[in-house]
Amino acid sequence: MADLLRLLLRVAEKAANVARVCRQEAPLFQLLVQEKTGDDKNKKFVQDFKTLADVVIQEMIHHDVGAQFPEMVGFIHGEESNKFENGLGESVTVTVCSTEGETATLLATVLDGDSTAASLLAGAIHQDPETINTDTHGLSVPLCPADLSIWIDPIDATSQYIEGKEEVLEEGRLSPSGLHCALVLIGVYLRSTGEPVMGVINQPFNHKDPASGGWKGKHFWAVSCGDIRICSLSRPKDMPNHSDRTRALSVVLSSSEKQAVKEALASLCGPENLMYASGAGYKILCVIQGLSDVYVLSEGSTFKWDSCAPHALLRALGGGVVDLTKCLHSSCISQDQQAELTYHQPNAECKGAERWANQGGLVAYQDCTQLQSVIRALKGKM
(Lines give C-alpha, C1' and ligand atoms only; values in the text may rest on other atoms or scores of the structure.)
Protein backbone atom coordinates (compact mmCIF):
# COMPACT_ATOMS: atom_id res chain seq x y z
CA MET A 1 0.00 0.00 0.00
CA ALA A 2 2.90 2.38 0.65
CA ASP A 3 4.17 1.66 -2.87
CA LEU A 4 0.71 2.31 -4.29
CA LEU A 5 0.39 5.57 -2.37
CA ARG A 6 3.78 6.79 -3.56
CA LEU A 7 2.85 5.91 -7.15
CA LEU A 8 -0.49 7.74 -6.93
CA LEU A 9 1.21 10.83 -5.54
CA ARG A 10 3.67 10.71 -8.43
CA VAL A 11 1.06 10.24 -11.16
CA ALA A 12 -1.14 12.94 -9.61
CA GLU A 13 1.81 15.34 -9.85
CA LYS A 14 2.37 14.28 -13.47
CA ALA A 15 -1.31 15.03 -14.09
CA ALA A 16 -0.90 18.44 -12.46
CA ASN A 17 2.07 19.12 -14.75
CA VAL A 18 -0.04 18.29 -17.80
CA ALA A 19 -2.76 20.65 -16.56
CA ARG A 20 -0.21 23.44 -16.06
CA VAL A 21 1.53 22.85 -19.39
CA CYS A 22 -1.80 23.09 -21.23
CA ARG A 23 -2.20 26.59 -19.81
CA GLN A 24 1.38 27.86 -20.13
CA GLU A 25 2.39 26.63 -23.60
CA ALA A 26 0.87 28.89 -26.28
CA PRO A 27 0.00 26.17 -28.87
CA LEU A 28 -1.84 24.15 -26.22
CA PHE A 29 -3.41 27.16 -24.54
CA GLN A 30 -4.95 28.34 -27.82
CA LEU A 31 -6.64 24.96 -28.19
CA LEU A 32 -7.74 25.00 -24.57
CA VAL A 33 -9.50 28.35 -24.72
CA GLN A 34 -11.32 27.71 -27.99
CA GLU A 35 -14.42 26.98 -25.92
CA LYS A 36 -16.78 29.02 -28.10
CA THR A 37 -20.21 28.50 -29.63
CA GLY A 38 -22.00 29.31 -32.85
CA ASP A 39 -19.99 30.92 -35.63
CA ASP A 40 -16.98 31.37 -33.33
CA LYS A 41 -16.68 27.68 -32.51
CA ASN A 42 -13.61 25.97 -33.94
CA LYS A 43 -15.00 23.52 -36.51
CA LYS A 44 -11.69 21.70 -36.83
CA PHE A 45 -12.13 19.57 -33.73
CA VAL A 46 -15.17 17.37 -33.30
CA GLN A 47 -14.15 16.85 -29.68
CA ASP A 48 -12.94 19.89 -27.74
CA PHE A 49 -9.41 20.06 -26.43
CA LYS A 50 -10.37 20.38 -22.77
CA THR A 51 -11.86 16.89 -23.01
CA LEU A 52 -8.67 15.62 -24.63
CA ALA A 53 -6.63 17.09 -21.77
CA ASP A 54 -8.89 15.25 -19.30
CA VAL A 55 -8.60 11.99 -21.24
CA VAL A 56 -4.81 12.26 -21.59
CA ILE A 57 -4.44 12.67 -17.82
CA GLN A 58 -6.82 9.80 -17.13
CA GLU A 59 -5.07 7.46 -19.55
CA MET A 60 -1.65 8.45 -18.20
CA ILE A 61 -2.71 7.48 -14.67
CA HIS A 62 -4.27 4.27 -16.02
CA HIS A 63 -1.05 3.42 -17.87
CA ASP A 64 1.35 4.11 -15.00
CA VAL A 65 -0.69 2.33 -12.33
CA GLY A 66 -1.33 -0.66 -14.59
CA ALA A 67 2.37 -0.95 -15.41
CA GLN A 68 3.38 -1.23 -11.74
CA PHE A 69 0.28 -3.08 -10.53
CA PRO A 70 -0.98 -5.27 -13.40
CA GLU A 71 -3.55 -6.87 -11.09
CA MET A 72 -5.39 -3.52 -11.08
CA VAL A 73 -5.77 -3.30 -14.87
CA GLY A 74 -9.49 -3.36 -15.60
CA PHE A 75 -10.28 -1.84 -12.22
CA ILE A 76 -9.11 1.73 -12.90
CA HIS A 77 -12.09 3.87 -13.81
CA GLY A 78 -12.52 7.50 -14.77
CA GLU A 79 -14.94 10.16 -15.86
CA GLU A 80 -13.95 10.27 -19.53
CA SER A 81 -14.19 7.94 -22.51
CA ASN A 82 -10.92 7.59 -24.43
CA LYS A 83 -12.58 7.35 -27.85
CA PHE A 84 -12.25 10.41 -30.12
CA GLU A 85 -13.26 11.31 -33.65
CA ASN A 86 -10.92 13.66 -35.52
CA GLY A 87 -11.77 16.18 -38.24
CA LEU A 88 -11.57 13.46 -40.92
CA GLY A 89 -14.20 11.37 -39.18
CA GLU A 90 -11.64 8.80 -38.05
CA SER A 91 -12.18 7.14 -34.68
CA VAL A 92 -9.07 7.25 -32.49
CA THR A 93 -8.55 5.56 -29.14
CA VAL A 94 -6.32 7.69 -26.92
CA THR A 95 -3.70 5.72 -25.02
CA VAL A 96 -0.29 6.43 -23.52
CA CYS A 97 2.35 4.63 -25.55
CA SER A 98 5.67 3.24 -24.39
CA THR A 99 7.68 6.16 -25.80
CA GLU A 100 7.14 9.91 -26.00
CA GLY A 101 7.46 9.86 -29.78
CA GLU A 102 4.78 7.19 -30.20
CA THR A 103 2.42 9.09 -27.91
CA ALA A 104 3.04 12.31 -29.87
CA THR A 105 2.24 10.53 -33.14
CA LEU A 106 -1.03 9.20 -31.72
CA LEU A 107 -2.04 12.60 -30.32
CA ALA A 108 -1.25 14.28 -33.66
CA THR A 109 -3.86 11.98 -35.22
CA VAL A 110 -6.47 13.21 -32.75
CA LEU A 111 -5.35 16.82 -33.26
CA ASP A 112 -5.63 16.61 -37.05
CA GLY A 113 -1.88 16.74 -37.58
CA ASP A 114 -0.99 19.52 -35.13
CA SER A 115 2.44 18.05 -34.35
CA THR A 116 3.60 21.01 -32.22
CA ALA A 117 0.70 20.70 -29.80
CA ALA A 118 0.95 16.90 -29.83
CA SER A 119 4.69 16.97 -29.00
CA LEU A 120 4.22 19.43 -26.12
CA LEU A 121 1.43 17.30 -24.66
CA ALA A 122 3.39 14.05 -25.08
CA GLY A 123 6.42 15.64 -23.40
CA ALA A 124 4.34 16.54 -20.35
CA ILE A 125 2.85 13.04 -20.21
CA HIS A 126 6.23 11.29 -20.26
CA GLN A 127 8.09 13.73 -18.03
CA ASP A 128 8.99 12.47 -14.57
CA PRO A 129 7.77 14.85 -11.86
CA GLU A 130 9.81 16.22 -9.02
CA THR A 131 10.15 13.92 -6.04
CA ILE A 132 7.01 13.99 -3.90
CA ASN A 133 7.97 14.16 -0.26
CA THR A 134 5.67 12.17 1.95
CA ASP A 135 6.28 10.16 5.07
CA THR A 136 5.12 6.66 4.15
CA HIS A 137 7.96 4.90 5.97
CA GLY A 138 6.61 1.93 7.89
CA LEU A 139 3.11 2.27 6.42
CA SER A 140 1.54 -1.17 6.54
CA VAL A 141 -2.07 -1.80 5.56
CA PRO A 142 -3.59 -5.31 5.38
CA LEU A 143 -4.73 -4.93 1.77
CA CYS A 144 -3.33 -5.94 -1.59
CA PRO A 145 -3.84 -4.25 -4.97
CA ALA A 146 -5.96 -7.17 -6.18
CA ASP A 147 -8.60 -6.11 -3.61
CA LEU A 148 -8.79 -2.53 -4.87
CA SER A 149 -10.27 -0.34 -7.58
CA ILE A 150 -9.63 3.30 -8.48
CA TRP A 151 -11.78 6.27 -9.45
CA ILE A 152 -10.06 9.12 -11.33
CA ASP A 153 -11.31 12.64 -11.90
CA PRO A 154 -8.53 14.02 -14.10
CA ILE A 155 -9.50 17.71 -13.79
CA ASP A 156 -12.37 18.44 -11.41
CA ALA A 157 -13.99 21.89 -11.84
CA THR A 158 -13.05 21.95 -15.52
CA SER A 159 -14.98 25.19 -16.13
CA GLN A 160 -12.78 26.99 -13.60
CA TYR A 161 -9.71 25.49 -15.27
CA ILE A 162 -10.82 26.73 -18.69
CA GLU A 163 -11.79 30.20 -17.44
CA GLY A 164 -8.42 30.45 -15.71
CA LYS A 165 -9.22 33.20 -13.21
CA GLU A 166 -6.19 33.74 -10.98
CA GLU A 167 -7.28 34.30 -7.39
CA VAL A 168 -4.95 34.62 -4.42
CA LEU A 169 -5.65 31.98 -1.80
CA GLU A 170 -6.02 33.62 1.60
CA GLU A 171 -4.84 31.61 4.59
CA GLY A 172 -7.82 30.26 6.51
CA ARG A 173 -10.43 31.30 3.93
CA LEU A 174 -12.04 29.53 1.00
CA SER A 175 -12.41 31.30 -2.33
CA PRO A 176 -15.55 30.94 -4.43
CA SER A 177 -13.87 30.45 -7.81
CA GLY A 178 -10.62 30.42 -9.72
CA LEU A 179 -7.90 28.08 -10.93
CA HIS A 180 -7.28 26.76 -7.43
CA CYS A 181 -10.70 25.03 -7.54
CA ALA A 182 -9.39 22.71 -10.28
CA LEU A 183 -8.15 19.47 -8.70
CA VAL A 184 -6.76 16.09 -9.72
CA LEU A 185 -8.62 13.43 -7.72
CA ILE A 186 -7.56 9.78 -7.35
CA GLY A 187 -9.62 7.64 -4.98
CA VAL A 188 -9.03 3.99 -4.08
CA TYR A 189 -11.82 1.77 -2.80
CA LEU A 190 -12.44 -1.86 -1.87
CA ARG A 191 -13.91 -3.89 -4.71
CA SER A 192 -15.96 -5.96 -2.28
CA THR A 193 -17.64 -3.23 -0.22
CA GLY A 194 -17.01 0.06 -2.04
CA GLU A 195 -15.38 1.55 1.06
CA PRO A 196 -12.90 4.35 0.21
CA VAL A 197 -9.52 3.41 1.68
CA MET A 198 -7.02 5.79 0.07
CA GLY A 199 -7.23 9.21 -1.50
CA VAL A 200 -4.82 11.56 -3.28
CA ILE A 201 -5.76 15.16 -4.15
CA ASN A 202 -3.47 17.40 -6.16
CA GLN A 203 -4.19 21.13 -6.43
CA PRO A 204 -2.12 22.13 -9.51
CA PHE A 205 -2.69 25.87 -9.10
CA ASN A 206 -2.16 26.46 -5.41
CA HIS A 207 0.22 29.43 -5.61
CA LYS A 208 2.60 31.22 -7.95
CA ASP A 209 6.35 30.99 -7.56
CA PRO A 210 7.57 34.59 -7.01
CA ALA A 211 10.86 33.84 -8.78
CA SER A 212 9.63 32.12 -11.93
CA GLY A 213 6.05 33.35 -12.07
CA GLY A 214 4.94 29.75 -12.69
CA TRP A 215 2.23 27.94 -10.80
CA LYS A 216 3.10 25.53 -8.00
CA GLY A 217 0.80 22.87 -6.65
CA LYS A 218 -0.02 21.24 -3.37
CA HIS A 219 -0.96 17.67 -2.61
CA PHE A 220 -3.02 15.97 0.10
CA TRP A 221 -3.35 12.26 0.84
CA ALA A 222 -4.80 9.79 3.31
CA VAL A 223 -5.18 6.09 4.08
CA SER A 224 -8.31 4.95 5.94
CA CYS A 225 -8.62 1.23 6.52
CA GLY A 226 -9.95 -0.35 9.69
CA ASP A 227 -8.09 1.17 12.63
CA ILE A 228 -5.47 2.74 10.35
CA ARG A 229 -6.29 6.41 9.83
CA ILE A 230 -3.36 8.42 8.42
CA CYS A 231 -3.70 11.79 6.71
CA SER A 232 -1.24 14.39 5.43
CA LEU A 233 -3.38 17.01 7.17
CA SER A 234 -4.23 17.24 10.85
CA ARG A 235 -7.75 17.67 12.10
CA PRO A 236 -8.41 21.43 12.37
CA LYS A 237 -7.80 22.64 15.93
CA ASP A 238 -11.10 24.48 16.19
CA MET A 239 -13.30 21.51 15.35
CA PRO A 240 -16.01 20.92 17.99
CA ASN A 241 -14.24 17.90 19.43
CA HIS A 242 -11.39 20.21 20.43
CA SER A 243 -13.10 23.38 21.61
CA ASP A 244 -16.34 25.27 22.05
CA ARG A 245 -19.28 23.38 20.57
CA THR A 246 -21.35 26.57 20.53
CA ARG A 247 -19.25 28.03 17.72
CA ALA A 248 -21.44 28.88 14.74
CA LEU A 249 -21.59 26.19 12.08
CA SER A 250 -20.28 27.11 8.61
CA VAL A 251 -21.61 25.46 5.45
CA VAL A 252 -20.30 25.56 1.89
CA LEU A 253 -22.79 25.19 -0.96
CA SER A 254 -23.12 25.47 -4.71
CA SER A 255 -24.47 28.85 -5.79
CA SER A 256 -27.23 26.95 -7.64
CA GLU A 257 -28.42 25.16 -4.50
CA LYS A 258 -32.18 25.08 -3.87
CA GLN A 259 -33.55 28.14 -2.12
CA ALA A 260 -35.33 25.97 0.45
CA VAL A 261 -32.00 24.39 1.42
CA LYS A 262 -30.30 27.79 1.70
CA GLU A 263 -33.08 29.12 3.90
CA ALA A 264 -33.08 26.08 6.19
CA LEU A 265 -29.32 26.22 6.65
CA ALA A 266 -29.36 30.02 7.12
CA SER A 267 -31.82 29.48 9.99
CA LEU A 268 -29.41 26.95 11.50
CA CYS A 269 -26.14 28.83 11.28
CA GLY A 270 -26.91 32.36 10.08
CA PRO A 271 -26.73 33.69 6.49
CA GLU A 272 -23.22 35.02 7.13
CA ASN A 273 -21.99 31.45 7.65
CA LEU A 274 -23.22 30.18 4.28
CA MET A 275 -20.39 30.17 1.76
CA TYR A 276 -20.28 29.33 -1.93
CA ALA A 277 -17.55 27.74 -4.03
CA SER A 278 -17.01 26.00 -7.37
CA GLY A 279 -16.16 22.34 -7.85
CA ALA A 280 -17.41 19.40 -5.82
CA GLY A 281 -13.89 18.23 -5.04
CA TYR A 282 -12.81 21.69 -3.91
CA LYS A 283 -15.85 22.08 -1.64
CA ILE A 284 -15.06 18.76 0.07
CA LEU A 285 -11.42 19.85 0.31
CA CYS A 286 -12.65 22.98 2.12
CA VAL A 287 -14.22 20.69 4.74
CA ILE A 288 -11.02 18.61 4.93
CA GLN A 289 -8.97 21.76 5.55
CA GLY A 290 -11.43 23.16 8.10
CA LEU A 291 -12.31 26.15 5.91
CA SER A 292 -15.93 25.03 6.23
CA ASP A 293 -17.55 22.63 8.66
CA VAL A 294 -19.94 20.95 6.24
CA TYR A 295 -20.64 20.73 2.52
CA VAL A 296 -24.27 20.16 1.56
CA LEU A 297 -25.58 19.27 -1.89
CA SER A 298 -29.24 18.37 -2.36
CA GLU A 299 -29.02 17.40 -6.04
CA GLY A 300 -27.61 14.21 -7.56
CA SER A 301 -25.16 16.22 -9.66
CA THR A 302 -21.89 14.73 -8.38
CA PHE A 303 -20.38 11.39 -9.31
CA LYS A 304 -18.27 8.68 -7.71
CA TRP A 305 -15.11 10.10 -9.29
CA ASP A 306 -15.84 13.48 -7.63
CA SER A 307 -16.19 12.21 -4.08
CA CYS A 308 -14.09 9.03 -3.72
CA ALA A 309 -10.66 10.61 -3.10
CA PRO A 310 -11.75 13.39 -0.70
CA HIS A 311 -14.06 10.94 1.07
CA ALA A 312 -11.03 8.84 2.02
CA LEU A 313 -9.33 11.92 3.51
CA LEU A 314 -12.40 12.83 5.54
CA ARG A 315 -12.67 9.26 6.87
CA ALA A 316 -9.05 9.42 7.99
CA LEU A 317 -9.88 12.61 9.92
CA GLY A 318 -12.91 11.07 11.62
CA GLY A 319 -15.58 12.38 9.26
CA GLY A 320 -17.23 11.13 6.12
CA VAL A 321 -19.54 11.72 3.16
CA VAL A 322 -23.14 10.53 3.40
CA ASP A 323 -26.15 10.27 1.11
CA LEU A 324 -28.36 13.22 2.08
CA THR A 325 -31.63 11.61 1.01
CA LYS A 326 -30.94 8.45 3.02
CA CYS A 327 -30.12 10.55 6.07
CA LEU A 328 -33.33 12.56 5.75
CA HIS A 329 -35.35 9.34 5.69
CA SER A 330 -33.50 7.74 8.60
CA SER A 331 -34.75 7.85 12.16
CA CYS A 332 -31.23 7.81 13.58
CA ILE A 333 -28.23 9.73 12.24
CA SER A 334 -24.97 8.26 13.44
CA GLN A 335 -21.49 8.19 12.02
CA ASP A 336 -21.49 4.50 11.18
CA GLN A 337 -24.90 4.29 9.58
CA GLN A 338 -25.66 2.84 6.16
CA ALA A 339 -25.93 6.27 4.52
CA GLU A 340 -22.16 6.53 3.97
CA LEU A 341 -21.35 6.67 0.25
CA THR A 342 -19.84 3.61 -1.39
CA TYR A 343 -18.16 3.34 -4.78
CA HIS A 344 -18.50 -0.16 -6.23
CA GLN A 345 -22.11 -0.47 -7.40
CA PRO A 346 -23.76 1.46 -10.25
CA ASN A 347 -27.32 2.77 -10.18
CA ALA A 348 -28.90 -0.13 -12.09
CA GLU A 349 -31.89 1.88 -13.34
CA CYS A 350 -29.70 4.53 -15.01
CA LYS A 351 -27.60 4.69 -18.16
CA GLY A 352 -24.28 6.28 -19.06
CA ALA A 353 -22.57 8.50 -16.52
CA GLU A 354 -25.74 8.68 -14.42
CA ARG A 355 -25.09 5.07 -13.37
CA TRP A 356 -22.34 6.47 -11.15
CA ALA A 357 -24.09 9.60 -9.85
CA ASN A 358 -24.44 10.28 -6.13
CA GLN A 359 -28.17 10.45 -6.75
CA GLY A 360 -29.30 11.24 -3.21
CA GLY A 361 -27.16 14.34 -2.87
CA LEU A 362 -24.52 14.38 -0.17
CA VAL A 363 -23.22 15.88 3.05
CA ALA A 364 -19.46 15.98 3.68
CA TYR A 365 -18.50 16.52 7.33
CA GLN A 366 -15.71 16.17 9.86
CA ASP A 367 -17.82 16.00 13.00
CA CYS A 368 -20.88 13.78 13.45
CA THR A 369 -22.67 16.24 15.75
CA GLN A 370 -22.56 18.83 12.99
CA LEU A 371 -23.91 16.30 10.51
CA GLN A 372 -26.81 15.65 12.89
CA SER A 373 -27.52 19.39 13.17
CA VAL A 374 -27.64 19.77 9.40
CA ILE A 375 -29.94 16.79 8.90
CA ARG A 376 -32.32 18.03 11.61
CA ALA A 377 -32.41 21.46 9.97
CA LEU A 378 -33.21 20.00 6.54
CA LYS A 379 -35.81 17.41 7.53
CA GLY A 380 -39.18 18.33 6.08
CA LYS A 381 -37.73 21.33 4.22
CA MET A 382 -36.91 19.66 0.89
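This is a predicted model: local features need pLDDT of at least 70, side-chain atom pairs count only at pLDDT 80 or more; totals for chains, interfaces and linings use all residues.
User: How many aromatic pairs does a search of the whole structure find?

Analyst: The search of the whole structure finds six aromatic pairs. For W151 and W356, the ring centres are 5.1 Å apart and the planes stand at 65 degrees, so this pair is edge-to-face.

User: Where do W151 and W356 lie?

Analyst: W151 belongs to strand β4 (residues 148-156), while W356 is in the loop between α10 (324-328) and β13 (362-365), so the pair ties together parts that are 205 residues apart in sequence.

User: And is W151 buried or exposed?

Analyst: W151 counts as buried, at 3% relative accessibility, and W356 also counts as buried, at 16%.

User: Switching topic, which residues have the most contacts inside the largest nonpolar core?

Analyst: Those are L8 and Y161, in a core of 68 residues, to which helix α1 (residues 2-24) gives the most, with 13 residues. Apart from that core lies another, of 38 residues, among them F220, Y282, I284 and L317.

User: What does Y161 touch?

Analyst: Leaving aside residues up to four places away in sequence, Y161 touches V18, A19, C22, R23, L32, I155, L179, A182 and F205. Of these, R23 lies over the face of Y161, at 5.9 Å from the ring centre.

User: Which residue lies over the face of Y343?

Analyst: That is K304, at 5.4 Å from the ring centre of Y343.

Terms used
Residues are numbered from 1 along each chain as its sequence is written. Side-chain values use heavy atoms; hydrogens and water are left out. Rings of Phe, Tyr and Trp (its six-membered ring) pair if their centres lie within 6.5 Å; planes under 30 degrees apart count as stacked, over 60 as edge-to-face and the rest as tilted. Helices (H or I, at least four residues) and strands (E, at least two) are DSSP runs, numbered from the N terminus. Buried means under 20% relative accessible area, exposed over 50%, partly exposed in between (1.4 Å probe, protein chains only). A charge sits over a ring if NZ of Lys or CZ of Arg is within 6 Å of the ring centre and within 35 degrees of the ring normal. A nonpolar core is a set of buried Ala, Val, Leu, Ile, Met, Phe, Trp, Tyr and Cys residues joined through side-chain atoms within 4.5 Å. Contact means heavy atoms within 4.5 Å.
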